[in-house]
Amino acid sequence: MKQILSLLLISSSLSLFSQEVNPDGIVRSFSNKMQEINSLSATFSFTLENLQERISDVHQGKILAKGKMFYLDLMGMEVFSDGQVKWQYIKEAKEVTISKMNVKENGFLDDPMKLFKDYNKNFKYKYIGQQKTKNRVLHEVDFFPRDLNLPYSSVKLQFDASTLEPYLIRYQGKDGNNYIIQIKNFKSNIPLRDDRFKFDMEKHKGVEIIDMR
């Protein structure tokens, strides 16, 4: 009788465990959550890390996104995109470079939200497990790009288990440099005007224009 009870308990525990940990469901839930977001605003720290050279530079950044449009403020540069055209404005040089969006490049400055869209199409992934930090439970997933020509070999993503909001994104660069994005503040579905994602020439008179279109 005791053996039967023990087997039942073990079977029940395994069943509960399998229900709690469903990697495909967890990643799908996160992706669905992100795709349901119409707009977002986030502040973050951006770390450029080179373990070989023992270099670690930290910068503060901000991102706004709405559909295919985004605005990024990072390392003295502002990047505007209305989904078709991209403006890269370097404040110190008073220079703006205009180019067409290149969806094939898939770099962070080309589409910061790429990881959150069509992840199954663009990446293979491996669920690592749960992590606890600052009284939060995080899911950790490693993504591996299907396109081997991209400048990074993998992306580590951590997101909140309860809110499904991103917490940390770490790009493993092929050039020996790693790029770590630590989300500090995240707000979703906030009102954003479309003109927020276009570079306003009237507000930046005297700026040198380099048009690469």
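Author: Let's start with a term: buried means under 20% relative accessible area, exposed over 50%, and partly exposed in between, using a 1.4 Å probe and protein chains only. This is a predicted model, where local features need pLDDT of at least 70, side-chain atom pairs count only at pLDDT 80 or more, and totals for chains, interfaces and linings use all residues. Residues are numbered from 1 along each chain as its sequence is written, and side-chain values use heavy atoms, with hydrogens and water left out.

Reader: Thanks! Is Ser39 buried or exposed?

Author: Ser39 counts as buried because its relative accessibility is 5%.

Reader: And what does Ser39 touch?

Author: Leaving out residues up to four places away in sequence, its contacts (heavy atoms within 4.5 Å) include Ala65, Lys66 and Ile190. A polar atom of the Ser39 side chain lies 2.5 Å from the backbone oxygen of Ile190.

Reader: New topic: how many aromatic pairs does the structure hold?

Author: Eight. Rings of Phe, Tyr and Trp (its six-membered ring) pair if their centres lie within 6.5 Å; planes under 30 degrees apart count as stacked, over 60 as edge-to-face and the rest as tilted.

Reader: Why is the pair of Phe80 and Phe199 edge-to-face?

Author: Because their planes are at 75 degrees, with the ring centres 5.6 Å apart. The pair links distant parts of the chain, 119 residues apart. Phe80 is buried, with a relative accessible area of 6%, and Phe199 also counts as buried at 6% relative accessibility.

Reader: Which residues form the aromatic cluster?

Author: Tyr71, Phe80, Tyr89 and Phe199 form one cluster.

Conventions:
Polar contact = N/O pair within 3.5 Å; in protein donor to acceptor, adjacent residues only side chain to side chain. Helix = DSSP H or I, 4+ residues; strand = E, 2+ residues; numbered from the N terminus.
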